[in-house]
Amino acid sequence: MSRIELRGVSKDFGNTPVLNDIDLSISPGEFCVFVGPSGCGKSTLLRLLAGLEDPSAGEIEIDGVLVNHLPPARRNVAMVFQSYALYPHMSVHQNMAFGLQHRKLPSDEIERRIADAVRILQLDSLLQRRPRELSGGQRQRVAIARAIVRQPKVFLFDEPLSNLDAALRVHTRLEIARLHRALGSASMVYVTHDQVEAMTLADRIVLLQPLAGRRGAPSVAQAGPPLDLYHHPANRFVAGFIGSPAMNFVDARVKSLGDEQVVADASGMLCAARLSSQGLTPGEPVTLGIRPEHVVLGQGPQRARVSHVERLGELSHVYLDLPGASTPLLAKSPRDDIAIGELLAFDFPAQVMHLFRSDGVAQARGAACTATRSGRVKSQWYEPS
């Protein structure tokens, strides 16, 4: 079982900073997912762990050993690439055995390891096939099996599902989750741009944000269990990235403050958020946030016209035009009879509202707010005076 420690890790390519000041601890057996938009450095961070890139600053430690200057072969990690990277002239069995033969392991040990990997990933009928005779999902399973037979302390996955179609992606995602349970002692670090993969696979998500040339800016926007990032985003970037569809944002100004409540004015629409009022002042510009599934349709004092409807079967995505807003408000509804142009009532439950200050940082929930966060509390609306 291996703990991974990153202390003050940064990476520059020439004069361009890609990663900055990453302090991260990955526990033994943990499934940690690096996620973020293109250009945020998540694959670069994985390559730093693998030894394919050298950090510009900081320390990387695996299982108590400083590995900054160790070559990949001596780090006891196995990497599964997006492109599979199988030897095309070798059979599945030969692909799995080649690395072990190169390490001069006894043949009976090689066969035992291959048999274990074949059992875990159900490859027994494919052993004599070559990569060109396999589907994309089968090739990815072989690439994973080739990593398993090495019995590494750390598995590194670099967007392993991005080349698969939607159905295969779901199937292979389930296989990777099952593999993690079967190999519970090994740590897994997984890179993806797909937040569904991140939310469903991770014990912990590390959300990276692009530096955009900003030296000194931190690379890690937030790290924690998936639902922590979903329900308690640290800032507007996290709130906008985690969740599909994304959180709604509405520009507003603080109207009044209470001990456990903030009332904000969004173009004449005044609504309450059950949040701590500490550090806020009346008149301060803020951004209100609410997730589409929390918007209540069909009740409430506010009205807006439907500009578009996406019918997905189980539910519909309903877009509402808000006065003064540059983008429509998105709500989820089980109704399938909502029509474009319809005038709908809607409500924002106060206990699920988010508020972000002008620097993008999320306003914290007070103790009483946290206690009622998951309860069904009646929304509080305030009409302009």
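**Strands and pockets**

Guide: This is a predicted model.

Visitor: Which residue does Glu61 stand opposite in E5?

Guide: Glu61 faces Leu66 there.

Visitor: What packs on the sheet?

Guide: Helix H1 (residues 42-50) does, and it touches strand E1 (4-13), E2 and E4. The direction of H1 makes about 120° with that of E1.

Visitor: And what's the strand order in that sheet?

Guide: The order is E2-E1-E4-E5, in an open sheet of four strands with antiparallel pairing.

Visitor: Why is one side of E2 and of E5 left without a neighbour in the sheet?

Guide: Strand E2 (16-26) and strand E5 (65-66) stand at the edges and have a single partner strand each, so one side of each has no neighbour in the sheet.

Visitor: What holds strands together in general?

Guide: Strands of a sheet pair through backbone hydrogen bonds, in a parallel or an antiparallel way.

Visitor: New topic. How much space is in the largest pocket?

Guide: About 620 Å³. It is lined by 24 residues, and the closest to its centre are Met79, Tyr87, Gly99, Arg146 and Arg150.

Visitor: Which element gives the most to that lining?

Guide: Helix H2 (92-102), with six residues. Strand E6 (77-80) and helix H4 (136-148) each supply at least two residues as well.

Visitor: How do the lining residues of the largest pocket divide?

Guide: There are 18 nonpolar, three polar and three charged residues.

Visitor: What about the second largest pocket, how much space is there?

Guide: About 390 Å³. Of its 19 lining residues, Phe249, Val250, Asp251, Ala325 and Ser326 are the closest to the centre.

Visitor: Which elements give two or more residues to that lining?

Guide: Strand E11 (248-258) and strand E15 (296-311). The largest share is from E11, with four residues. By class, the lining has 10 nonpolar, six polar and three charged residues.

Visitor: Back to strands, then. How many bridges join E11 to E12?

Guide: Five, and E11 runs antiparallel to strand E12 (residues 261-266). Leu257 stands opposite Val262 in E12, and a hairpin joins E11 to E12 through two residues.

Visitor: How many bridges does E11 have with E14?

Guide: Six, again in the antiparallel sense, with strand E14 covering residues 285-290. In that pair, Ala252 is opposite Val286.

Notes:
Residues numbered from 1 in each chain as written. Predicted model: local features only at pLDDT ≥ 70, side-chain atom pairs only at ≥ 80, totals over all residues. Heavy atoms only, no water. Pairing = 2+ DSSP bridges. Contact = heavy atoms within 4.5 Å. Axes fitted to C-alpha atoms, helices over the stretch in contact; angles between N-to-C directions. 1 Å grid on protein atoms, 1.4 Å probe; cavity = no way out; pocket = protein on both sides within 12 Å on 5 of 7 lines; lining within 4 Å. Points joined across faces, edges and corners; volume = space filled by probe spheres on them. Nonpolar A, V, L, I, M, F, W, Y, C, P; charged D, E, K, R; others polar.
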